[in-house]
Amino acid sequence: MSFEELGLSAPVLQAVTEKGYTTPTPIQEKAIPIVLMGRDILGCAQTGTGKTASFVLPMIDILAEGRAKARMPRSLILEPTRELAAQVAENFEIYGKNNKLNMALLIGGVSFPDQERALEKGADVLIATPGRLLDHFERGGILLNDVKILVIDEADRMLDMGFIPDVERIVSLLPKIRQTLFFSATMPPEIKRLADRFLSNPKEVTVSRPASANANVVQGLVVVQDDQKRDALLALIKSQEVKNAIVFCNRKRDVATLHTTLKKQGLKAGALHGDMSQPARMETLEKFKSGEIQILVASDVAARGLDVQDMSHVFNYDVPFSPEDYVHRIGRTGRAGKTGHSFTLATPSEGDLIDAIQKLINTEIPKVEVPGMDAAALEAGDGRRRGRGGRRGGRSSGGAPERGRGPRREPRENRQPRGEQPAESAPIEAQASAASPESQPEARAPREPRAPREPRADRPPRERRPEQRESRGERRPERSSEHRSERRPERHHDRDDGNSPVGLGDHVPAFLARR
Ligand code: AMP
């Protein structure tokens with residue numbers, strides 16, 4: 001099928017051609033005609049499938065007629081992270097270059113006045129993260145009564161990041177009569193229930209199984225002692241033909257340390273983590289995309305939505321705490337039909353984490369040896385995964401563990417028992433035929449670090465519950481680790497942002513309370 005057959009207008013088709021796309025991806029083929037018909041969509045699709053264009057292209061055509069009034073956007077796209085929101089905005093500019101649509105991007109870490117000016121001009125398309133959108137709403141800078149199209153993107157990620165109460169609130173501010181496009185990489189029951197509430201007679205569009213794999217990534221596992229991880233990484237980088245790579249760390253302080261190490265080795269390295277200002281994050285990403293930075297040391301904040309063409313390698317300097325994050329991290333390479341490589345450094349005590357990953361992807365990650373280094377063996381796991389606070393053995397940075405992170409609820413049902421025993425270690429060169437898993441979900445992404453909400457000038461600031469303070473990026477007063485672990489909801493994340501975990505807190509959204 002060609003783009004011409006999808007019913008898009010000539011200006012949009014021209015922009016698509018100029019972008020160099022010749023054939024629609026499966027999600028575009030399925031979703032675009034439905035969106036153009038005005039139907040709601042329940043889309044199960046991951047990033048990397050061309051999902052963004054599947055809603056952006058028809059939206060441009062639907063919105064082509066009409067003008068937005070000041071502070072009254074005509075459409076709203078909700079994204080869980082700043083990076084994703086910025087990426088969707090970029091897409092809008094590219095695909096909408098032959099249309100005169102006004103766009104506003106509301107994300108944290110960027111000054112309010114510029115965003116207010118964009119709203120004042122009248123936004124045909126508003127792209128926002130939930131927290132910043134509500135901040136504007138509470139300041140009286142925006143009215144949502146005119147929104148005709150709502151897109152909720154990465155809904156499972158929103159759930160994971162604790163944004164669902166905000167999303168529910170936003171939806172309650174929208175007109176009941178509207179078109180809603182709802183996308184999620186996975187469809188756990190709570191997401192399905194949420195979709196049932198937000199959508200009206202939707203058409204379901206699924207382009208890959210909830211646990212589908214990127215078969216183009218050749219994976220390798222390197223087991224080394226903790227104090228050898230840095231040398232192992234350097235040896236790997238030197239032994240591989242690395243065009244460009246992301247090195248993932250679990251903690252932001254390790255990002256900084258490793259960044260310095262790589263630069264000292266003469267590598268063109270950059271760093272990306274949630275404590276950086278938004279302009280600094282965007283600048284680093286631009287440099288990485290342009291090739292000025294070859295190796296980006298990053299926390300998971302970079303994992304979701306980072307769309308760098310033709311990335312050759314992903315290195316997991318730390319095994320991610322959640323197996324879904326593993327899948328998402330390695331999914332940054334092997335895109336657009338190209339072969340990518342991923343190497344994961346594990347210490348002997350991380351057998352459980354590796355186990356959980358292998359169960360999720362239903363594949364043994366082949367072990368590889370780093371030349372000149374002694375390969376260690378994974379300790380047999382006790383079958384239970386541990387969060388950060390509960391890991392045994394050494395740690396890369398030697399610091400005390402921060403808050404723990406409990407095992408995740410989902411998608412346990414997707415995991416399958418491991419069939420085979422671990423493969424023998426192979427030297428790096430011999431691992432080209434490594435795993436090509438058939439099943440791998442888009443993993444969970446990081447919580448967006450959110451700017452503290454600024455109180456309105458005309459009223460005293462409200463006292464918030466601790467959970468609310470956290471979800472706004474404010475720090476919770478220190479508590480003992482036991483206390484924290486007692487209170488920690490299972491789904492909470494604890495990662496680079498340095499924010500306390502965000503979850504549903506005391507608020508139980510209505511859709512979760514339903515039986
Ligand atoms: P997305 O899933 O929206 O993040 O898109 C993933 C990547 O696919 C982006 O780099 C897009 O530019 C690219 N892409 C989207 N649609 C097409 C298409 N029809 N043909 C080729 N590449 C595409």
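1. Phenylalanine 315 is buried, with a relative accessible area of 1%. Phenylalanine 343 is buried too, with a relative accessible area of 1%. Keep in mind that this is a predicted model. The two rings have their centres 5.8 Å apart and their planes at 15°, so the pair is stacked. Planes under 30 degrees apart count as stacked. Phenylalanine 315 belongs to strand E12 (residues 313-316) and phenylalanine 343 to strand E13 (residues 340-346). The pair links distant parts of the chain, 28 residues apart.

2. How many aromatic pairs does a search of the whole structure find? There are 3. Phenylalanine 55 and phenylalanine 183 form one that is tilted. Their centres are 5.4 Å apart, with 35° between the planes. Phenylalanine 55 lies in helix H3 (residues 51-63) and phenylalanine 183 in strand E6 (residues 179-184), so this pair ties together parts that are 128 residues apart in sequence. Phenylalanine 55 and phenylalanine 183 are both buried.

3. Now look at helix H6 (residues 130-138). Of its 9 residues, 8 are buried, so H6 is largely enclosed by the rest of the structure. The buried ones are Pro130, Gly131, Arg132, Leu133, Leu134, Asp135, His136 and Glu138. Note that the list includes Arg132, Asp135 and Glu138. What do these buried residues pack against? Their partners are strands E2 (75-78), E3 (103-106) and E4 (125-128), along with helices H5, H7 and H8. After H6 comes glycine 140, with a positive phi near 80°.

4. Leucine 119 sits in helix H5 (residues 112-120). Is leucine 119 buried or exposed? It is buried, with a relative accessible area of 1%. Setting aside neighbours within four places in sequence, leucine 119 touches Ala70, Arg71, Ala104, Leu106, Leu126, His136, Gly141 and Ile142. One of these, His136, is among the buried residues of H6. Leucine 106 is 13 residues away from leucine 119 along the chain, and their C-alpha atoms are separated by 9.2 Å.

5. Methionine 158 is in helix H7 (residues 155-160). At 1% relative accessibility, methionine 158 counts as buried. Which residues are in contact with methionine 158, leaving aside its neighbours within four places in sequence? They are Leu78, Glu79, Pro80, Pro130, Asp153, Phe163, Ile164 and Val167. Pro130 is one of the buried residues of H6. Leucine 78 lies 80 residues from methionine 158 along the chain, yet 9.4 Å separates their C-alpha atoms.

6. Helix H8 (residues 164-172) and helix H9 (residues 189-198) have axes that come within 12 Å and cross at roughly 10°. Angles under 35 degrees count as roughly parallel, and that makes H8 roughly parallel to H9. H8 contributes Ile164, Val167, Glu168 and Val171 to the contact, and H9 contributes Leu194, Arg197 and Phe198. By class, the contact has 5 nonpolar, no polar and 2 charged residues. Ile164 and Val167 of this contact also touch methionine 158.

7. Helix H4 (residues 82-95) and helix H12 (residues 278-290) meet at another angle. Their axes come within 11 Å and cross at roughly 60°. H4 and H12 are therefore oblique to each other. The crossing is right-handed. On the H4 side, the contact is made by Arg82, Glu83, Ala86, Gln87 and Glu90. On the H12 side are Gln278, Arg281, Met282, Leu285, Glu286 and Lys289. This contact has 3 nonpolar, 2 polar and 6 charged residues.

8. Check two backbone angles. Most residues other than glycine have a negative phi. Arginine 71 has a positive phi of about 60°, although it is not a glycine. Its place is in the loop between H3 and E2. At 31% relative accessibility, arginine 71 counts as partly exposed. Arginine 71 is also among the contacts of leucine 119.

9. Asparagine 362 is another residue other than glycine with a positive phi, near 55°. Asparagine 362 is found in the loop between helix H14 (351-361) and strand E14 (368-369). At 39% relative accessibility, it counts as partly exposed.

Terms used:
Residues are numbered from 1 along each chain as its sequence is written. This is a predicted model: local features need pLDDT of at least 70, side-chain atom pairs count only at pLDDT 80 or more; totals for chains, interfaces and linings use all residues. Side-chain values use heavy atoms; hydrogens and water are left out. Axes are lines fitted to C-alpha atoms, for helices over the stretch in contact, and angles run from 0 to 180 degrees between N-to-C directions. Helices (H or I, at least four residues) and strands (E, at least two) are DSSP runs, numbered from the N terminus. Angles under 35 degrees count as roughly parallel, over 145 as roughly antiparallel, 65 to 115 as roughly perpendicular and the rest as oblique. A crossing is left-handed if the near helix is turned anticlockwise from the far one by less than a right angle, and right-handed if clockwise. Contact means heavy atoms within 4.5 Å. Ala, Val, Leu, Ile, Met, Phe, Trp, Tyr, Cys and Pro count as nonpolar, Asp, Glu, Lys and Arg as charged, and the others, Gly among them, as polar. Rings of Phe, Tyr and Trp (its six-membered ring) pair if their centres lie within 6.5 Å; planes under 30 degrees apart count as stacked, over 60 as edge-to-face and the rest as tilted. Buried means under 20% relative accessible area, exposed over 50%, partly exposed in between (1.4 Å probe, protein chains only).
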